Amino acid sequence: MFNHGRALSGWLPHNATDISDTDPTEENDMKKLALSALLGASLILPATLAEAKEIVIKFSHVVAENTPKGQMANKFRDLVNERLKGKVKVEVFPNAQLFGDKKVLEALLLGDVHMAAPSLSKFKKYTKKLQVFDLPFLFNDINAVDRFQKGPEGQKLLKSLESKGLIGLGYLHNGLKQLSAYKPLRVPADAAGQKFRIMSSDVLAAQFEAVKAHPVKKPFSEVFTLLGTHAIDGQENTWSNIYSKKFYEVQPYITESNHGLLDYMVVTSAEFWNGLPADIRAELEKALSEAVALGNRVALEKAKSDKQKIIDSGRSTVIQLKPEEVEQWRAVMKPVWKKFEGEIGADLIAAASAANK
Ligand code: SIN
């Protein structure tokens, strides 16, 4: 993108050595050609230069546009394209059009895309610390998540990827996860033996193993097909993802378990970000914080409205758990905390848990 040399090279004539190696008639023709190429270039060069100066930011994500992340990315694009017109252009690629979450972090490091917002469950290759967000029944509600993310430990985690060449620009909420399945799941024993799709997280694998289920790590883009073909029995996700990707149309039961979190980190590559002019970076940060504020509002709103739309559709029965049933899930899944204490850190888990107040 910043390879201005490459942008211009197509307009330059062949070099002098090429011309002098030819016979005189051919030489004249070559000179004419070179001249007309130069004349052409002089007409086109200013436009080419102007285009080459515009910074293009490709923002890749995997969800639908009518989700908290989809809305956030579009808002960021609109704000930047209006405020930095001619200087920066943001292009958003939703629905894993460019990259799935497995590849997008590599793509950021290679400069193939410039921003992404993967779920916090998808950073395991880069840091073990973010696994804290996957611990089952860690946060009672999104306000607790917010307090932890805004506190010193949460802010420190945004920097935990820097040694790997990635910069965390901020968090974005989606919300608490629910369980969907072909059969009603009321207590952990109901999940035993069932295959659940999970994100690429060992904590999530351990969580399903704790209820004697079989976790299957698969990309988000494949979940609908896997459910539709019964290759898996169920999955865990937020209301907005279950609704926007139509999982509720193929899963007759959704248990409102609120057993875990699905939030995001907006990330970029250090090489790209630090190479931007400081004033542009400041404008991008401002636009991003406004876009994230909108995305967080959408997340709160959709956790209610998308759930209601699913209920109203009549396609899926939403199961409300009794407090004693929730306690059963919590009791079986919570030992997972201890299992990952070494990788995450007992202090970090304690800080996250304390955010419940
Ligand atoms: C996302 O919300 O970005 C995808 C979540 C998933 O993979 O289940």
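User: How many helices and strands does the protein chain have?
Analyst: The model is predicted, so local features need pLDDT of at least 70 and side-chain atom pairs count only at pLDDT 80 or more, while totals for chains, interfaces and linings use all residues. Residues are numbered from 1 along each chain as its sequence is written, and side-chain values use heavy atoms, with hydrogens and water left out. Helices (H or I, at least four residues) and strands (E, at least two) are DSSP runs numbered from the N terminus. On that basis the protein chain has 17 helices and eleven strands.

User: What percentage of the residues in the protein chain is buried?
Analyst: Buried means under 20% relative accessible area, exposed over 50%, and partly exposed in between, with a 1.4 Å probe and protein chains only. Of the 357 residues in the protein chain, the buried ones make up 48%.

User: Which strands stand at the edges of the six-stranded sheet, and why is one side of each left without a neighbour?
Analyst: This open sheet has the order β7-β6-β8-β5-β9-β11 with mixed pairing; two strands pair if DSSP finds at least two bridges between them. Each edge strand has a single partner, so one side of it has no neighbour in the sheet; these strands are β7 (214-217) and β11 (317-320).

User: Which residue in β8 is the bridge partner of glutamine 178?
Analyst: β5 (residues 178-181) pairs antiparallel with β9 (residues 253-256) over three bridges, and there alanine 181 stands opposite tyrosine 253. Four bridges join β5 to β8 (residues 234-237), again in antiparallel sense. In β8, glutamine 178 is partnered by asparagine 237.

User: Which residues of β5 are buried on each side?
Analyst: In a regular strand the side chains alternate between the two faces of the sheet. Both faces of β5 are covered, with Gln178 and Ser180 buried on one side, and on the other Leu179 and Ala181.

User: What angle does the direction of α14 make with that of β4?
Analyst: The sheet in question is open and mixed, with five strands in the order β2-β1-β3-β10-β4, and β2 and β4 are its edge strands. α5 lies across β1 (55-60), β3, β4 and β10, at about 20° to β10, where contact means heavy atoms within 4.5 Å. α14 packs on the sheet and touches β1, β2, β3, β4 and β10; its angle with β4 is about 15°.

User: At what angle do the axes of α16 and α17 cross, and which residues make the contact?
Analyst: The axes of α16 (residues 335-344) and α17 (residues 346-354) come within 7 Å and cross at roughly 120°. The contact is made by Trp337, Glu341 and Ile344 of α16 with Ala346, Leu348, Ile349 and Ser353 of α17.

User: Which residues lie nearest the centre of the largest pocket?
Analyst: On a 1 Å grid over the protein atoms alone, a cavity is a set of points where a 1.4 Å probe fits but cannot get out, and a pocket is an open set with protein on both sides within 12 Å along at least five of seven lines; lining residues have an atom within 4 Å of a point. The largest pocket holds about 310 Å³, a volume being the space filled by probe spheres set on the points, which are joined across faces, edges and corners. α6 (142-150), α7 (152-158), β4 (166-176) and α14 (278-313) each supply at least two lining residues. Of the 16 lining residues, those nearest the centre are Lys150, Leu169, Gly170, Tyr171 and Val292.

User: What is the volume of the largest cavity?
Analyst: The structure holds four cavities of 30 Å³ or more. The largest cavity is lined by 13 residues, with Lys122, Met199, Phe220, Asn241 and Leu262 nearest its centre. Its volume is about 70 Å³.

User: What is the phi of lysine 212?
Analyst: Most residues other than glycine have a negative phi. Lysine 212 lies in the loop between α9 (202-210) and β7 and is exposed, with a relative accessible area of 63%. Although it is not a glycine, lysine 212 has a positive phi of about 65°.

Terms used. Axes fitted to C-alpha atoms, helices over the stretch in contact; angles between N-to-C directions.
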